[in-house]
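Look at the structure first, then read on.

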Amino acid sequence: MNLKLVTTTIGKILILEALFMFLPLTVAIIYGEGALNIISFVITIAILLILGFFASRNNIEDESFGVKDGFGIVALSWISLSIFGSLPFIISRQIPSIVDAIFETASGFTTTGASILVDVEALSQSMLFWRSFTHFIGGMGILVFALAVLPKTTKGSVHVMKAEVPGPVFGKLVSKIDITARILYKIYVSMTVVLIAILILAGMKPFDAMIHAFGAAGTGGFSNKAQSVGYFNSALIDYILGIAMLLYGINFNLYYLILIGNIKDVFKSEELRVYLGICLFTVFIICLDVRELYSNFFIMLRDVFFTVSSIITTTGYSTVDFNRWPLFSHYVLLMLMFIGSCAGSTAGGLKVSRVLLLFKSGVNELKQALNPRRVMSICQDGRTVPQNIVKSAHLYLILYIGIFVAILFTISIKVNDFATAFSAVAATLNNIGPGLEAVGPTESYAYFSPFSKVVLTFAMIIGRLEIFPVLVLFAPSTWRKR
């Protein structure tokens with residue numbers, strides 16, 4: 001690993017985090033919050049700027065990223081962001097526990113939305129803003145943002161973007177990676193600004209609109225209300241956010257195709273069709289399952305649509321306590337937690353394209369077992385999928401299952417309820433937030449032991465970065481100087 005290049009890049013990321021913190025600092029000043037809140041951001045900004053300044057002053061001879069460099073930078077950057085981003089909570093004493101503060105911050109940056117807070121409304125406005133703004137930063141990726149705004153793009157920076165952008169395949173929109181990053185962020189920011197405006201027009205206060213737009217954009221789900229979106233009791237707001245979450249769960253490359261007028265290729269996207277098909281089908285079957293719990297069809301449809309949209313996009317907002325739904329609906333929601341949304345979106349989970357690839361691979365293996373001489377290939381969007389991509393999907397699934405089981409066994413040491421333990425791991429590893437039973441939509445992760453919270457924090461980071469970048473840190477060869 002090129003340690004000087006890695007250190008320099010992380011230093012620049014810390015400086016960017018410091019600049020981001022000026023926004024919640026401004027919120028603290030506007031709302032006339034106490035000196036301790038303001039000082040907590042000032043101290044954190046100073047620490048980040050000093051560390052970032054000295055870390056980024058290396059004389060680098062080789063400015064090209066290798067694969068290990070890219071993976072290492074992404075993993076270390078996200079860990080650093082979570083640790084330093086938790087300082088305002090700790091210094092202000094609003095989340096005095098270091099473990100809890102890091103858990104909450106990592107949950108924000110990884111767009112998980114799992115919370116240790118029992119009373120979220122007890123937080124100050126500035127802390128609520130920072131907590132939700134981490135969703136917005138983490139949604140598209142802090143390294144993608146760095147590639148978009150930093151004046152110089154280092155050779156091989158595509159490895160950084162590959163490590164951070166979720167999905168089995170990464171595709172550049174244009175030939176230059178920095179321009180691709182700028183296009184993605186322009187689309188992302190524009191959609192969020194429009195969503196904020198629509199929510200304000202729908203009746204939300206500007207501050208509430210920003211909080212919930214950040215959560216929907218990053219598919220994170222932090223709310224400033226204890227009842228989440230259900231607090232507003234508005235069918236219009238439910239449908240606006242429900243549709244918005246689905247839109248952010250779509251591959252952002254497709255939005256670029258729309259902008260350049262290439263709409264035909266958008267409709268050719270097999271992943272998009274399957275994604276929308278899964279949404280429609282699960283809304284239908286859950287409605288059938290919960291129909292006896294509702295006396296009003298339209299309220300039922302609204303609750304089910306919003307919940308399906310929130311879970312498949314791994315956002316985690318809630319308008320109803322789905323813990324009270326029948327067991328069949330719980331299983332359907334668990335399935336959605338694992339599937340997730342589209343590759344290249346801000347959502348978590350395995351990703352529809354990867355699930356589709358694995359399904360087709362399984363069908364091909366079955367056909368070949370019946371006819372061994374038959375030569376078969378996997379096609380997606382009218383193109384043959386290279387064998388290395390198929391192998392990568394299988395490897396990812398094996399690692400995913402292994403890590404899931406390992407985390408589940410570890411959590412079970414302190415948690416005696418299977419549904420709680422299983423859904424907690426599923427909700428954190430897939431970056432969803434709420435699970436079932438004791439971690440349901442009306443509950444929190446507060447009762448977990450500090451050890452379990454550390455393990456689940458690790459699950460959130462490894463889930464957001466899709467395993468490989470974090471595992472690279474544990475390879476001894478990674479730390480050899482290049």
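Buried means under 20% relative accessible area, exposed over 50%, and partly exposed in between (1.4 Å probe, protein chains only). The model is predicted: local features need pLDDT of at least 70, side-chain atom pairs count only at pLDDT 80 or more, and totals for chains, interfaces and linings use all residues. Residues are numbered from 1 along each chain as its sequence is written, and side-chain values use heavy atoms, with hydrogens and water left out.

**Salt bridges**

A salt bridge is a side-chain nitrogen of Lys or Arg within 4 Å of a carboxyl oxygen of Asp or Glu. The whole structure holds eight.

Glutamate 104 sits in helix 6 (residues 98-109) and arginine 131 in helix 7 (residues 125-140), 27 residues apart. Helices are DSSP runs (H or I, at least four residues), numbered from the N terminus. Glutamate 104 is buried at 1% relative accessible area. Arginine 131 is buried too, at 5%.

Lysine 351 and glutamate 466 are both buried. Arginine 354 is also buried. Shared partners join Lys351, Arg354 and Glu466 into one network.

**Helix packing**

Helix 1 (residues 3-20) packs on helix 3 at about 155°, with axes 7 Å apart. Axes are lines fitted to C-alpha atoms over the stretch in contact, and angles run from 0 to 180 degrees between N-to-C directions. Isoleucine 47 lies in helix 3 (residues 35-55). Isoleucine 47 is partly exposed, at 32% relative accessibility.

Definitions and conventions
Helices (H or I, at least four residues) and strands (E, at least two) are DSSP runs, numbered from the N terminus.
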